[in-house]
Amino acid sequence: MFGPLVVRPKNSKGDKTGSWRTQVRPHYLHKNCIACRMCLIVCPEGCVHGKEKNAFWADYNFCKGCGVCADICPKKDIAMVSEESKGEEK
Amino acid sequence: METNSLFKSGHTACAGCGQAIAARLVVEAAGPNTIIANNTGCLEVFSTKYPETAWGVPWIHSLFENSAAVASGIEAALISLGKKDGINVIAQGGDGSTGDIGLQALSGMLERGHDILYVCYDNEAYMNTGVQRSGLTPFDTNTTTSPAGKLSSGNVRPKKAVPEICLAHGIPYVATASAGFVQDLTRKVKKALSIKGPKYIQIHVPCPLGWRHESNQMLSVAKAAVETGLYPLFEYESGILSGSRQIVPKPVEEYLKLQGRYKHLLSNPEEIKKIQEIADNNIKKYNLRVVP
Amino acid sequence: MKEFLEGSHAIAEVIKNVRPGVISAYPITPQTHIVEDLAQIVANGELESQFVNVESEHSAASVVLGASATGVRVYTATSSQGLFYMQEVVFNIAGMRLPVVMTCANRAISAPINIWNDQQDSLSLRDAGWIQIYAEDNQEAVDFHLLAYRLAEDKRVMLPVMVCMDGFILTHGMETTDMPEQEKVDKFLPVYKPLYKLDPADPMSMGLLADPDYYMEARFAIQETMRESLGILTEISKEFNNIFNRDYGDLLVEEYEVKGADKVIVAMGSVCGTIKEVIDEQRAKGKKVGLLRIITYRPFPYARVYEALKDVAKVAVLDKAVSLGAYAPIAVEMKAAFFGKKKGPKVISSFVAGLGGRDITLETIHEVFRRLSTKEVNSDFIDLKPELLKEEYGD
C-alpha cells in the first residue's frame, strides 16, 4: 500500500496564487515595448508570457503583484495599477 | 519541451522572492536533462507542496542538510546505469543548509570529486523558519536571533566565506552570482555545467520578508549589494580568480538604507564605517573597482 | 559451496552476488570488515559497483537514498553510533519507500563508549519503518541478506530492510557457511526494476511536503504494508527454501522445544545458540523448557507469538537492550501480544543481559530459568556487579 509519495509535473496544475494579490497588478501598456524579455526573465512566478513586441502579458491566475516586472522594464511600459481598476485582462 | 515548464507558475513563494527567480533561471540554464536534489528550506517548501510540484525536471528532497550527499548517490547511480553523460546533477539549498548544517555533506561531495553543480541560494538567514541568523548572515544584520538592541548592533560576526571554503577543496569552478544580474547568473550556470567535476555557485537572493524591503525593490536591492562591493561577483577557475564584475563603488549606505534589517545602523556612523571596511576589503581582494 | 569464513567476509561475498550498483559506507567498529572486504572486491574487479567513501554515516545513508531513488540496487552497513548518526536519513528512506538494504553489526551505545555487542542500536530504531530481521549465526546472516533484497524490492513492500547480526560474535566469528552460488542468487533475486525513479525521460518530484491533509495516509500506508509483509516474508522464505534448500519456516519466529514446555525463553540473535544448548541439556534431564526465537522484530509477529506461547505457563524475555524507564524492547512486545487475550502465560518476566558485550554464558541462561518464578519481574539485570554501584557520587 502506498500513500502520497511522488508527483509528476504533468499532473500538477499549481496553486492559483493570483488570489494573493490585494492591492496592485501589472498592466502591460503595449506601447513602447521592445521585446527585451526582461519582464519575463525576472518574474518570480514565471507567469509572464509573450514573444513579440507589445504582446507580453502576465497570467493573473498566478501573478502575485510583486511589481518586479514593472520595476525592471526599461521602457516603463508596465504600470502597476490598482486591483479595483479595470485594465486589460490579458 | 518549453523551457518555461521546467519551473512552473503556481508555487507558493512570497511575492517578489529572489530565490524563486534564481531557481527558475538555474533550471532553465541547465535544461531538461537535469536531476536536482534539494535541501529543506523555502525553495523546497514553496515548490513542492503535495500534490503540486513546480519542477519539470526530476527532483528530490530528502532532508535539511544532505542534498550534496543525495546528489552524490544520484551521480554514482547514473554512472552505474551508464547514463551519466548528458545528464546534469544539481544539488541545491539555502545558505543555512549549505554553509552551516550541510557544510560537511557539501565538503564530502567536493572532496570526492563528483560531477555535480552545487547551488547555494544565499538569502543570508534562516528565512523558512522566520529570519534567524545563519553563518552567512552579514555583520550587523538585524535578525530574530541576532536582534539589534541596547547592547547589540545585530549579528556580531562577519559572513562565513563559503565560496573560499569550497575553493580550498581544489575544485575546478567556484562563482558567486546575484538575482540582480540575471544574464550573468545564467552564463555562470551554463559555464559550470560545461566543466566536469564538482562546481559551486552561490547566488545572492533578496528576501523581501526577511530583509524588509518592498517586493518590487528586489532587483534594486540585489544590484546595490553588488555595486557597493558587499556582494562581490567573481569566478574562480582551477583555483585562479578568472573574473569579477567591475563596479564604480557606491557607499554602503546606498545598499543598507533600502532594507529594514539595517534600519538600526543608519544613525550609527561607527558601525557603517565597519561595514564600509568590509566592502573596501572585497573591492581590493577581488579587483572589483573599474579601472578608468 | 561450504567455506570456513569470517562472518563479515561472508556478508561481503553475498553482497557481491547481489550486485548492488552503488555501495556507500563510513567505517565503524565492528562493521569495518564487511566494507573493507567489499572495497577490495570492487577494487579487484569482481563486482562492478560504485563504492562511495563518504565523510559520515549521515552521508552514507544519503548516498544510498539518492542512488536508490535513481533506480539502482544499493547497499550500506553500519553499527551503533553510526546508525544513530544516520537516524534521520534512516527514517527518511522508509518514508520515501526506497528498498535499501543495510547490515547493522549490532553494538552498544555510548555513554560509556563501548564497541562490544548488544542490540541497543537497531532496537532503538524500531519505529523507523524498516523491516528488521535478526540472524542467529553466519549462515542466517548470509541468507537473510538475500531474503532482505527480495523482500525490500517486492512491489507490494517497497520498504527498507535491516539485517541485524551481533557485532564481533557474528561479524568476526569464523563459521562454516554454505555460500550461495551466483546462478541461484540470480534465480531468487531478479534484476531490480524500480516502481519510480529520478529519470529525465519521465520527470517526477519525490520527497514533497505533505501537510495535515496528506501526511497521515503516507504513514498509514507503511503501517499497513508492514502488516502485509508478515505473510510476504513467509512466502519468500518458501521460495528461498525451494532454491537453496534451507528452511527458515515463516521467517518470523523459530520454535525450539516450545511444544509441551512450561518455561520458555524468548530471545533474538546469536544468544539463541547458547540458549539452545541449555535447553538441550535441561530437556535431557526431563525439564520442560524451550526457546522462542524472534527472527523478525519489525513487523512484530504478534499472532505468531500468541499461537506459539498461548499454552506456556511462564515466559522469560531476554533482551540485550533496555528501554530505560520502561520494559525492554522485546519484553514490551510480548506483553502486548497477550494483553486482553483468553489464553497466555501467567508470567511474562523481562530480563536484561549481555549489555556492552558482557558474556552471556550457559550459567547466565540457567540464572534466567532460576529467576523465572511466579513473581513477575521487569527488566531484571542478570550478571550485574553490585560492587560497581554506589548510592551517591562524590567524596
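In this predicted model, B:P158 sits in the loop of chain B that runs between β6 (152-153) and α6 (162-167); helices here are DSSP runs of H or I with at least four residues, strands are E runs of at least two, and both are numbered from the N terminus. With 15 other C-beta atoms within 10 Å, B:P158 comes out as partly exposed, the class between buried (20 or more other C-beta atoms within 10 Å) and exposed (12 or fewer), with C-beta atoms placed from the backbone. Leaving aside residues up to four places away in sequence, B:P158 touches B:P138, B:F139 and B:I278, where contact means C-beta atoms, placed from the backbone, within 7 Å. B:P138 is 20 residues from B:P158 in sequence, yet the two C-alpha atoms are 5.3 Å apart.

Residues are numbered from 1 along each chain as its sequence is written, while chains are lettered from A and ligands numbered from 1 in the order in which they are written. As for confidence, local features need pLDDT of at least 70 and side-chain atom pairs count only at pLDDT 80 or more, but totals for chains, interfaces and linings use all residues.

Chain B meets chain C through 38 residues of its own and 37 residues from chain C. On the chain B side, β1 (34-38), β2 (59-61), α3 (67-81) and α5 (103-112) each put in at least two residues, and α3(B) gives the largest share, 12 residues. By class, that side has 22 nonpolar, 14 polar and two charged residues; Ala, Val, Leu, Ile, Met, Phe, Trp, Tyr, Cys and Pro count as nonpolar, Asp, Glu, Lys and Arg as charged, and the others, Gly among them, as polar. β2(B) also pairs in the parallel sense with β9 (residues 205-206) of chain C, over two bridges, pairing being called when DSSP finds at least two bridges between strands. In this pair, B:W59 stands opposite C:S205.

Within chain C, helices α7 (residues 138-152) and α9 (residues 215-244) pack at about 125°, with axes 10 Å apart. Axes are lines fitted to C-alpha atoms, for helices over the stretch in contact, and angles run from 0 to 180 degrees between N-to-C directions. α7(C) and α9(C) are therefore oblique to each other, as angles under 35 degrees count as roughly parallel, over 145 as roughly antiparallel, 65 to 115 as roughly perpendicular and the rest as oblique. The residues in this helix contact divide into eight nonpolar, two polar and two charged.

Methods. Two residues are in contact if their C-beta atoms, placed from the backbone, lie within 7 Å.
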